[in-house]
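Here are my notes on this model, in the order I would discuss them. Please keep the structure open alongside.

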Amino acid sequence: MAVIGGAQAIRIAITIARAKTIAVLLGPTGIGLLSVLNNLREILSMSAGLGLANSGVRELSAAKEDAETLSRVRRVLFSAFVVQGSIAMALIWLTREALALRILGSTDYSLEIGLVGVAVFLFLISSSQTTLLQGMRQIGDLGRVTVWGTLLGTLAGLLPVIVLGQEGLIALILLPPAIGIFVAWHYTRHLPATQTVRMTRQEIWWAWYPMVKLGVAFMLGGLATTGTLLLLRAWITRDLGLEAAGYFAASWSITMIYVGFLLQAMGADYFPRLTEVIRDRDTATRLMNDQMQLSLALGGPILLILIGCAPWLIRLLYSLDFEAAVTILQWQTVGNVFKLASWSLGFAFVASARSGLFLYLQLQFNLLFLAMIWIGLPRLGLEVTGIAFVFAYAIHLSVVVILVHRLQGFRWQRLSVGLFGLHATLAFALLALSLSFPLAGAGASVMVGVITGIVGGHIVVSKIGPHGRLVSKIARIYELLGWPIRDVG
């Protein structure tokens with residue numbers, strides 16, 4: 001987790017620098033347009049990928065001890081990504097004008113929409129390589145691909161923006177996955193060579209179909225989220241303009257980047273481990289509780305600080321022109337406390353191949369989120385996007401807990417209940433204070449975040465053990481403070 005966590009931290013820094021550059025050069029309108037194009041690329045890549053990037057990890061992990069089966073899975077995965085990406089690229093190009101009119105309300109951006117199709121193809125090819133690294137548990141190489149791919153892709157993509165302005169934004173959609181292919185290939189080529197296996201069409205079908213059957217649940221679940229986001233951005237763009245879409249994109253990006261970094265870092269190792277023990281209810285329950293505790297202990301303190309410091313963070317990462325994004329960010333940050341708690345439990349449905357339940361949960365959250373915004377947007381404006389996020393995730397967590405209890409016999413450990421209750425209570429209290437008294441809210445958020453961070457650090461070191469030079473030093477500090485590390489699992 002430390003390797004992926006470090007890689008994701010660097011990725012976040014690069015993404016923040018990119019957003020700051022775009023905000024300064026192009027303002028809220030540029031951020032709004034980039035967010036729509038990127039969101040479109042995400043939803044189309046997800047659709048064309050059929051969830052193989054997720055189900056492929058499961059199949060590779062299960063087959064890594066059988067060289068012949070592993071070779072078959074690798075061959076089918078790569079071929080599927082190439083074929084599916086080619087079809088998607090052609091379809092997007094042919095429908096580019098209709099898509100531009102529907103999403104942006106104008107055909108002026110038809111070329112950009114068509115080039116998004118090329119980015120979809122490149123992204124799927126890059127995904128075939130990162131899926132292979134994750135499935136083979138090459139976590140270190142996966143982290144290096146994340147860092148170098150993001151850095152080189154961002155630098156290459158920003159140059160056309162600096163030279164051409166808004167017309168160059170499409171480069172930030174095209175170049176990162178293109179460069180990512182070459183970076184990932186540098187590492188995958190060192191993996192053991194696949195065996196030469198001949199496969200009939202029927203054998204290819206029966207290797208591909210089970211992955212798609214499970215992967216479609218990932219795809220539809222992901223589409224529920226990215227589709228909701230694209231629809232929401234289209235609503236905002238058509239009703240309030242690209243500038244308003246830029247405010248929403250700024251708040252959404254900040255809160256999702258941090259939480260996404262944390263969850264992706266932990267998920268890279270957590271998902272394969274949970275898959276291995278999912279049939280053992282007691283072991284799986286302990287693992288889910290451990291992961292929830294780590295998520296809240298690591299992520300909770302930063303979220304609490306973010307609630308009060310949102311006004312200054314928005315100015316730092318974007319500019320004074322993005323002041324309207326502050327309140328949205330504060331509400332969304334409270335909602336992310338509920339997201340952290342539900343995340344580790346949601347993996348149980350994927351690990352046990354309950355694709356229908358996984359899809360239901362994704363649809364349940366996103367439909368509820370959209371319905372709340374549809375009702376509240378005319379009355380409350382952009383702020384409703386943050387308020388709806390909180391209440392939709394609170395309901396989502398309740399449903400997840402009920403279903404995972406029925407499926408796996410999951411029960412909360414006392415520490416899990418304590419951490420969640422503490423962070424949720426503090427988050428709402430800090431939100432109320434920050435909305436009424438911004439300066440007091442900022443001071444209280446920092447103080448509370450530091451205190452919970454100290455407590456969370458003790459829990460994390462207790463969970464992972466005082467191994468390694470850095471962690472041993474941290475454990476020594478707690479010992480000097482009279483709070484030695486003990487097993488709290």
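1. Start with Asn-336. Setting aside neighbours within four places in sequence, Asn-336 is in contact with Thr-255, Met-256, Val-259, Leu-303 and Phe-389. Asn-336 sits in helix α11, residues 326-351. The model is predicted. Is Asn-336 buried or exposed? Asn-336 counts as buried, because its relative accessibility is 0% and the cut-off for buried is under 20%.

2. Next, the nonpolar cores. The largest has 129 residues. Which of them touch the most other members? They are Leu-274, Met-288, Tyr-318 and Phe-369. Take Leu-274: residues up to four places away in sequence not counted, Leu-274 touches Ala-284, Leu-287, Met-288, Phe-347, Ala-348 and Ala-351. There is also a second, separate core of six residues. Leu-133, Leu-142, Ala-184 and Tyr-187 are included in that second core.

3. Now a helix pair. Helix α14 (residues 414-436) packs with helix α15 (residues 438-464) at an angle of about 165°. Their axes are 8 Å apart. The angle makes α14 roughly antiparallel to α15, because the cut-off for that class is over 145 degrees. The crossing of α14 past α15 is left-handed.

4. Last, the residues between these two helices. On the α14 side, the contact is made by residues including Leu-415, Leu-419, Leu-422, His-423 and Leu-426. On the α15 side, Pro-438, Ala-440, Gly-441, Ala-444 and Lys-463 are among them. How do the residues of the contact of α14 with α15 divide, and what are the counts? There are 11 nonpolar, six polar and one charged.

Terms used. Residues numbered from 1 in each chain as written. Predicted model: local features only at pLDDT ≥ 70, side-chain atom pairs only at ≥ 80, totals over all residues. Heavy atoms only, no water. Axes fitted to C-alpha atoms, helices over the stretch in contact; angles between N-to-C directions. Helix = DSSP H or I, 4+ residues; strand = E, 2+ residues; numbered from the N terminus. Parallel < 35°, antiparallel > 145°, perpendicular 65-115°, else oblique. Left-handed = near helix turned anticlockwise from the far one by under 90°. Contact = heavy atoms within 4.5 Å. Nonpolar A, V, L, I, M, F, W, Y, C, P; charged D, E, K, R; others polar. Core = buried A, V, L, I, M, F, W, Y, C linked by side-chain atoms within 4.5 Å. Buried < 20%, exposed > 50% of the residue type's maximum accessible area, 1.4 Å probe, protein only.
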